[in-house]
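Q: I would like a close look at a single part of this model. Please keep it brisk and connected.

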Amino acid sequence: MSRFWSAVVHDLTPYVPGEQPKLANLVKLNTNENPYGPSPRVLDALRAEAAETLRLYPDPGSGRLRAGIAAYHGVAADRVFVGNGSDEVLAHAFMALLKHGQPVLFPDITYSFYPVYCRLYGIEHRTIPLTDTFEIRIDDYLTPNGGVIFPNPNAPTGRLLALGEIERLLAGNPDSVVVIDEAYIDFGGDSAVCLVARYPQLLVTRTLSKSHALAGLRVGYAIGQPHLIEALDRVKDSFNSYPLDRFAQAGALASIEDHAYFESLCARVVASRGRLVAALAGLDFEVLPSAANFIFTGHPSHDGAKLAAALRERSIIVRHFRQPDRISRFLRITIGTDAQCDTLLDALKAIVAC
Ligand SMILES: Cc1ncc(COP(=O)(O)O)c(C=O)c1O
């Protein structure tokens, strides 16, 4: 605390990202990174970018990357916005599209950055409880609001909402923006991008951090009709005109264009997820159905915090959330390589046997 802080800073409760430990030889399953490296074409593109041209500012509009993302999704380039990770895209969406007179709605158990943005920008919000089975019930959102946002699949539960339900939300909520955060959609769900043409209030956000194995490059994007994209551009250009450096633009484009590598990455993670879920069921763990690159799981007779601590003693890091109380028995575990999953399973087997 300091008397030099602005009132806004005094009131902030910053987001706490998952730990990035400096120790080697950890089995790191706590921040939903991809266990595999990015496409070799990304590395080639980055090497090519390490040149004398670094003295020049990058393209402020990330034109080639936007065009590449647009081509991948089969939309026009004026429907694409790119940012420094989807966190930045989301931050701009809160400021540009969700700050109205009424509260923004999101689930009580969801990505914990949303309330942080609300606080930063002075946006009222109301949380809507997930059902007893940790599902989003669309009827609960069909009420006056200043906007709706949730991830699909949701985080940290991993539960997927069918596209038909998202369409029902859009049809029943025509007057405020609906942001569908698709950080994990590539691991098992249908994207809402196909609904953008029909719904002027829909913004879909995505990231290259998970399914493209590029968390370190910091690239995210949004797809929506041009009036929504213009709002995001207006905020971006009032904040930082060059959010994506030359490396990020070139590397992200190479990744988007390497479809075969991307598909093989997703398939490997999905196969490991199936294997891990089956093995955990054999150890009496409850595992919520996951369409993401992580699972949300708990054991009926073992406390979540104690399980996380016991795993840490064995150099395995997973994520445990103390709040809200009804998820404190769960662990969120990122899908690692099969070898990492086996190390995890051996450790859990020993821990639950005690
Ligand atoms: C639901 C959700 N949305 C967005 C993000 C942000 O991703 P990034 O800023 O790496 O693109 C995350 C990161 O974990 C997430 O879990």
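Which helix gives the largest share of the shell around the ligand, and how many residues come from that helix?

A: Helix α4 (residues 85–97) gives the largest share, three residues. Helices here are DSSP runs of H or I with at least four residues, numbered from the N terminus. This is a predicted model: local features need pLDDT of at least 70, side-chain atom pairs count only at pLDDT 80 or more, and totals for chains, interfaces and linings use all residues. Residues are numbered from 1 along each chain as its sequence is written.

In total, 13 residues surround the ligand. A residue is near a molecule if its C-beta atom, placed from the backbone, lies within 6 Å of it. The closest are Gly-85, Ser-86, Asp-87, Thr-207 and Ser-209. By class, the shell has five nonpolar, six polar and two charged residues. Ala, Val, Leu, Ile, Met, Phe, Trp, Tyr, Cys and Pro count as nonpolar, Asp, Glu, Lys and Arg as charged, and the others, Gly among them, as polar.

Next, the packing of α4. The axes of α4 and helix α7 (residues 226–236) come within 9 Å and cross at roughly 105°. Axes are lines fitted to C-alpha atoms over the stretch in contact, and angles run from 0 to 180 degrees between N-to-C directions. The two helices, α4 and α7, are therefore roughly perpendicular to each other (65 to 115 degrees). From α4, His-92, Ala-93, Met-95, Ala-96 and Leu-97 take part; they meet Leu-228, Ala-231, Leu-232, Arg-234, Val-235 and Lys-236 of α7. Contact requires C-beta atoms, placed from the backbone, within 7 Å. By class, this contact has eight nonpolar, one polar and two charged residues.

Note on methods: Parallel < 35°, antiparallel > 145°, perpendicular 65-115°, else oblique. Contact = placed C-beta atoms within 7 Å.
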